[in-house]
Amino acid sequence: MSCQGTYDTKRDILSLRQGELRDILLEYGEKGFRASQIFKWLHQKRVKDFDSMTNLSEELRKRLSNEFRIMSVNPVKRLSSRIDGTEKLLYELEDGNHIETVIMSYEHGDSLCVSTQVGCRMGCRFCASTIAGFKRNLAPSEILLQLYETERLTGRKVSSIVLMGIGEPLDNYENVTAFMDILSSPEGAGMSLRHLSLSTCGLVERIYELAELKSQLTLSISLHASNDETRSRLMPINNKYGLDELMRACRHYFDVTGRRISFEYALIDGENDTKSDALGLSSLIRGMPAHVNIIPVNKIKERDYSSSRQSAAAFCRMLTELGINATVRRTLGSDIDAACGQLRREYEI
Ligand code: SAH
């Protein structure tokens, strides 16, 4: 179900970087500062129509509304955890697709887990987000709107964002980096990229590209195994980029950005939880300033992978004894299927 008519041909103004907006306004014969005014209306005051932009001339507002549209996402379901204050929002996009967003509460503030694609094509065995396959990339606006709409709806203030919802952020590289620029622009949402984590299953070429941005974000690598055989069984991407190549990219990323890397390790009984896995992991990351986040694998109905906090704690101890900086990640929102890997493209509404 897509919108028809002239509406479709109007450009998505929320997806424009400030510099792009400025170039357009200069072409209109407007002064450059108009871009800053409009950017603030869109990303700080978060207005939903051009008529609300009261410091612009009526003529400019009319021109903008003829050529641009302000996208929206429509909340269709909101679930609240009884355990830990986590909330999961289901949003309908303008073309009828759905995505999920999760807001979690931590000691240092609220964190938002956003989706970057409708579905995912990476095929990790343990992850629900990949089960209905891949539909399309999200536009920068659709990634930003998960923040704007969730803050508006819940009245909560988000202090950090993790790109760990549905999708592989580096498989939507252009839009995700545009999102980062708008998010961190002082006249946009104004969030420092120090408060952003980007999680990837390991698209090596994109890791090299990302390094060149020299951004302050935290790069999280979904490792989940310490040898190629196990990793390829769990994560098809490993057939394309093996562990050697991935770890080389990680070392390069650290060398260029100086930012410590975070490795995610979903612990799965009988798959990756032995002493020899811990040894393998420690030799992979030895000498690299890194942190390992152990996650007892979250259940999804299509697979019977399981783990427990006890096994995660035991595995964590093995790593610590080997001199590796490791912690067990708190599982949040498991009663509303909002935990890692439980978000999906298709739902019962
Ligand atoms: N595509 C990106 C980001 C999305 S997933 C990535 O692969 O990193 C966010 C994290 O949840 C990843 O580390 C992912 O591997 C992990 N994950 C997926 N399914 C999980 C599950 N069932 N239990 C625990 N973690 C899971």
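Two residues are in contact when heavy atoms of theirs lie within 4.5 Å. The exercises below apply to a predicted model.

**Exercise 1.** State which domains the protein has and how far apart their C-alpha centres lie.

Solution. Begin with the bounds: the domain assignment gives domain 1 as 11-69 and domain 2 as 74-348. Then take the C-alpha centres of domain 1 and domain 2, which lie 33 Å apart.

**Exercise 2.** Describe the interface of domain 1 and domain 2 by its residues in contact and its buried area.

Solution. Count the residues on each side: 15 of domain 1 are in contact with 21 of domain 2. Next take the area buried between domain 1 and domain 2, about 1300 Å². Carbon and sulfur atoms give 46% of that area.

**Exercise 3.** Find the salt bridges and polar contacts between the two domains, then describe the side of domain 1 that touches domain 2.

Solution. The rule finds 5 salt bridges across the interface. To test a pair, use the cut-off of 4 Å: the closest N and O atoms of D181 and R17 are 2.5 Å apart, and the two residues form a salt bridge. For polar contacts, the count between domain 1 and domain 2 is 13 residue pairs, both residues at pLDDT 80 or more. On the side of domain 1 that touches domain 2, helix 3 (residues 33-43) gives the most, with 5 residues. By class, this side has 4 nonpolar, 5 polar and 6 charged residues.

Technical notes:
Residues are numbered from 1 along each chain as its sequence is written. This is a predicted model: local features need pLDDT of at least 70, side-chain atom pairs count only at pLDDT 80 or more; totals for chains, interfaces and linings use all residues. Side-chain values use heavy atoms; hydrogens and water are left out. Domain bounds come from an automatic or database domain assignment. Buried area is the accessible area (1.4 Å probe) that two parts lose on being put together, summed over both. A salt bridge is a side-chain nitrogen of Lys or Arg within 4 Å of a carboxyl oxygen of Asp or Glu. A polar contact is a pair of N or O atoms within 3.5 Å; within protein, one must be able to donate a hydrogen and the other to accept it, and residues adjacent in sequence count only if both atoms are side-chain atoms. Helices (H or I, at least four residues) and strands (E, at least two) are DSSP runs, numbered from the N terminus. Ala, Val, Leu, Ile, Met, Phe, Trp, Tyr, Cys and Pro count as nonpolar, Asp, Glu, Lys and Arg as charged, and the others, Gly among them, as polar.
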